Amino acid sequence: MDFPILSTLIFLPLVSSFFIFLSRGQKNNNSAIYISLFSSLATFILSLFVWYSMDYTSADFQFLEEQSWINDFIKFKLGIDGISILFIVLTTLITPICIISCINSVKDRIKEFLIAILILETFMIGVFCSLDLVVFYLFFEAGLIPMFLIIGVWGGPRRVYSAFKFFLFTLLGSVLMLVAIIAIYWITGTTDVTEIYKIKIPKEYQNLLWLAFFSSFAVKTPMWPVHTWLPDAHVEAPTAGSVILAAILLKMAGYGFLRFSLPMFPLASDYFTPLIFTLSIIAIIYTSLVALMQDDMKKLIAYSSVAHMGYVTLGIFTFTKQGIEGSIFQMISHGLISAALFLCVGVVYDRLYSRMISTYGGLVNYLPKYSFLFIVFALAGLGLPGTTGFLGEFLVLTGTFQKNYLVAMLATFGVVLGAAYMLWLTKRVIFGVTKNDQIKNLKDVNKSEMIMLVILALLVILFGFYPVPLMETLNVSVDNLINNYETDIKTISLN
Amino acid sequence: MINNLNILLPEIFLTLSIFSILMVGVFVKNSFNLIFNLSSLIILSTIVLILNSSNNVEKIFLESFTRDAFSNFFKILILVASLFVLNSSKNFILDKKLAKFEYPIIILLSILGMFFMVSSNDIILFYLGLELQSLSLYILASIDRDNLKSSESGIKYFVLSALSSGLLLYGCSLLYGFTGSTNFDLIAGELGKDNTGAVFAMVFILVGLAFKVSAVPFHMWTPDVYEGAPTSITSYFAVVPKVAGLAVLIKFMLIPFSKILMEWQTIIIFISIASMILGAVAAIGQKNIKRLLAYSSIGHIGYALAGVATGVISGYESSIVYISIYVVMNLGAFSCLYLLKKDGEYKENISDLSGISKKHPVLALSFLVILFSLAGIPPLGGFFAKFYVFTAVVEQKMYALAIIGLLTTVISAFYYLKIIKTIYFDDSVISFDNSKNKFAQFSIFISCSILLTFFLYPSILSNVVDTLFLN
């Protein structure tokens with residue numbers, strides 16, 4: 001491939017954000033909105049084109065790009081396989097939706113907001129494209145800057161606390177990963193991921209390096225007990241910020257486990273499986289219980305995100321095909337569903353400026369379209385068959401049953417809890433008695449809100465019934481991942 | 001001998017020009033502007049002279065003066081930094097009524113002192129250069145003589161610095177006593193044998209140098225002097241003498257103390273860790289930006305020393321890369337301070353920055369870039385500086401140093417974020433005057449562009465630095 005299509009994909013939003021910056025000084029913000037919408041849609045179409053022109057039957061990295069970068073020893077290497085393309089398309093899909101949503105909800109400094117979103121998109125796509133540890137770290141960390149500003153500038157009353165917590169937690173986790181990356185360079189002589197796959201990292205280093213990577217990914221996932229930044233960040237962030245945070249930023253960690261931890265440190269991954277299982281189970285059950293008790297809708301969805309990400313980590317560390325495919329599917333599905341739920345909360349928040357469950361009730365009588373969409377997403381969130389939420393959880397649990405009955409049973413119990421908090425939320429917000437008179441005067445969803453929610457609803461149902469396009473893309477790459485993992489375990493443990 | 005004088009050409013040119021403009025200053029009335037512009041011209045021509053001189057190693061005057069790629073690089077860095085410091089602070093100097101013609105001349109004299117420091121290959125020449133530099137700095141610190149704080153900072157700096165110079169001189173004499181020579185190369189040869197006494201000498205010399213680069217535990221003067229001195233002088237203090245000090249530290253490790261590196265290394269590791277921790281923790285409570293930058297500079301010197309502590313060439317290279325990017329960041333940060341002018345008064349408190357993102361979006365954005373870069377967040381230049389240093393540190397398997405260093409970056413990120421919070425999240429309180437200081441804006445622009453685009457081609461700097469140690 002001669003044309004650097006991945007670089008184009010990464011830097012297109014950055015370049016357009018520069019144009020928005022230059023368009024400063026005009027009175028209306030329409031030009032900024034159109035530029036950002038146009039460029040994010042162009043990025044989306046480009047990513048669809050990449051998806052379409054990919055070869056699913058090969059597990060190799062495709063669209064490779066390589067350029068010498070830091071001195072001679074670190075290359076700026078990009079490439080994608082069946083796993084990363086799905087996350088890229090998810091990113092490019094969610095970004096235009098966020099931009100549409102902020103037309104309604106962001107009143108203040110919208111231009112700067114759009115610039116931050118587009119820069120963030122660049123970094124997010126970069127994370128999923130990079131095939132070099134340093135390049136990955138660069139994009140992974142750089143995303144903190146725009147997200148910090150999004151929470152801090154456009155967030156709610158406790159935004160400063162939340163933004164600091166988000167930034168410092170993530171940074172603290174990541175610096176250990178940086179030490180590990182540098183250490184890997186001195187152990188193997190390269191930071192090129194594909195090279196490291198071949199070289200194999202010696203047994204004695206694996207555990208420590210794995211822990212260093214884990215410290216970063218665990219914070220980002222987030223896993224219990226370092227999940228506490230997430231509810232704060234979600235609650236205080238503006239709608240678009242919460243959507244990006246839930247839909248994409250959390251997935252970086254899951255992706256990181258698949259791309260780095262598993263293939264680079266197979267022995268350590270095997271060794272630490274009980275740890276991951278324990279933390280995931282605690283996350284699923286404990287945070288589901290916490291979610292039950294929330295009065296704040298965003299907080300409830302945030303805790304449900306922690307529980308759902310628990311399934312993801314559980315699935316990845318089963319090392320079975322169903323488990324890993326299930327967790328990737330769960331990530332995509334959670335990306336769509338949680339994004340949609342946060343948008344739903346955003347819709348009513350823009351009208352009444354309250355996220356409290358008690359403010360609402362009986363919405364179904366006054367906002368029928370909204371209520372219908374909300375119920376669709378709530379049901380998808382609890383894993384109703386026919387939605388993507390079901391398939392993800394089902395596959396993860398199938399994978400887990402092959403490894404450990406007890407863990408699988410506990411995780412299944414989490415599904416019940418998930419149903420409990422979601423249904424209860426729906427009951428209190430959508431049904432019930434209308435106590436608040438303001439609700440009677442509310443307008444139903446407008447055109448732009450309709451567009452974003454319907455697109456997400458259609459995707460959730462479409463892939464719930466017909467997951468083949470996603471699974472086909474994944475299939476060979478996941479097979480390859482598992483094969484490599486098994487051969488690694490055999491060869492290294494023999495030595 | 002006379003034929004070789006072209007080795008000294010930049011120094012000779014600088015000396016003669018300083019004396020000439022001093023005479024101009026004495027005989028022409030109200031000559032500040034003239035002298036100021038002439039000084040900039042002199043700095044520029046010295047840069048050209050150095051760029052044109054060869055990079056081969058040549059020694060002169062009984063091998064007490066070296067000219068090589070290493071010293072040329074540092075001289076250019078010192079000159080460029082001084083040029084930016086001087087020009088961006090011109091409006092400030094005029095506003096504060098510091099416009100005495102001696103001002104630029106004393107700066108040039110301190111540059112001359114630093115030239116001899118980085119080029120010296122002999123303890124005596126090194127000490128002379130150091131003293132010339134320090135004397136100029138004492139005067140500069142107290143140049144705003146009617147201001148109590150400025151005079152206080154001058155005295156404080158003078159007393160403490162004289163003490164440290166005394167210790168350094170004591171170390172030098174010990175070194176001469178134990179090795180019988182003042183020449184670096186000869187000392188290096190002697191130290192191979194029995195070195196118990198030389199270790200004492202080394203400790204004293206190190207104390208003196210640590211004082212000059214304001215590393216912990218010899219940092220006590222830094223916050224007071226930074227706060228008390230006029231901002232234009234503070235920015236000079238924060239940038240230029242540190243470059244020279246680091247160059248000398250590396251030089252001492254390269255030549256005279258290369259055989260007792262182990263003992264030297266242990267101390268530097270301690271100093272480096274202590275500076276990183278203190279720089280990170282002590283800055284948290286600061287309310288004055290200059291004081292905060294003082295603590296932040298202590299922290300940054302800690303990172304630069306972490307590279308030096310490795311005791312290998314790749315480590316020194318990483319330190320040089322670090323200090324170069326540090327110079328770029330600090331020049332930008334201080335240039336921002338020149339724009340915080342309200343009704344003819346320069347604001348120095350963090351709370352004065354409250355909400356400036358609404359009325360001064362470009363200034364706020366520049367602050368954002370520079371502060372995130374100081375915190376070492378990718379993809380800005382400051383990240384690569386840290387990356388180079390820690391790559392070198394981990395190469396030597398000094399994992400503890402690397403982990404402590406990176407953890408302190410998280411702590412220090414906190415106070416940089418606090419400033420960003422004040423700028424972006426808080427409500428707008430004051431709006432500053434429209435600045436006429438074009439050069440400060442220019443240097444902010446240069447600094448931010450370098451920091452923002454550094455990731456495109458990060459090897460550009462390290463490729464240059466690699467050539468310094470070829471011989």
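Colleague: Why are α9(A) and α11(A) called roughly antiparallel?

Modeller: In this predicted model, the axes of α9 (residues 203–220) and α11 (residues 239–264) of chain A come within 7 Å and cross at roughly 160 degrees. Axes are lines fitted to C-alpha atoms, for helices over the stretch in contact, with angles from 0 to 180 degrees between N-to-C directions. Angles under 35 degrees count as roughly parallel, over 145 as roughly antiparallel, 65 to 115 as roughly perpendicular and the rest as oblique; α9(A) is therefore roughly antiparallel to α11(A). Residues are numbered from 1 along each chain as its sequence is written, chains being lettered from A in the order in which they are written. Local features need pLDDT of at least 70 and side-chain atom pairs 80 or more, while totals for chains, interfaces and linings use all residues.

Colleague: Which residues of α9(A) and α11(A) make the contact?

Modeller: Two residues are in contact if their C-beta atoms, placed from the backbone, lie within 7 Å. From α9(A) the contributors include A:Trp210, A:Phe213 and A:Phe214, and from α11(A) they include A:Phe257 and A:Phe260. The residues of this contact divide into nine nonpolar, two polar and one charged. Ala, Val, Leu, Ile, Met, Phe, Trp, Tyr, Cys and Pro count as nonpolar, Asp, Glu, Lys and Arg as charged, and the others, Gly among them, as polar.

Colleague: What makes chain A as compact as a globular protein of its length?

Modeller: The radius of gyration, taken over C-alpha atoms, is set against the globule rule, 2.2 Å times the number of residues to the power 0.38. Chain A has 22 Å, close to the 23 Å that the rule gives for 495 residues, so chain A is as compact as a globular protein of that length.

Colleague: Is B:Ser214 buried or exposed, and how do you know?

Modeller: A residue is buried if 20 or more other C-beta atoms, placed from the backbone, lie within 10 Å of its own, exposed if 12 or fewer, and partly exposed in between. B:Ser214 has 26 such neighbours and therefore counts as buried. B:Ser214 has a positive phi of about 55 degrees although it is not a glycine.

Colleague: What makes B:Glu63 partly exposed?

Modeller: B:Glu63 has 14 other C-beta atoms within 10 Å, and so counts as partly exposed. B:Glu63 also has a positive phi, of about 60 degrees, and is found in the loop between β1 (58–60) and β2 (65–67) of chain B. Helices (H or I, at least four residues) and strands (E, at least two) are DSSP runs, numbered from the N terminus.
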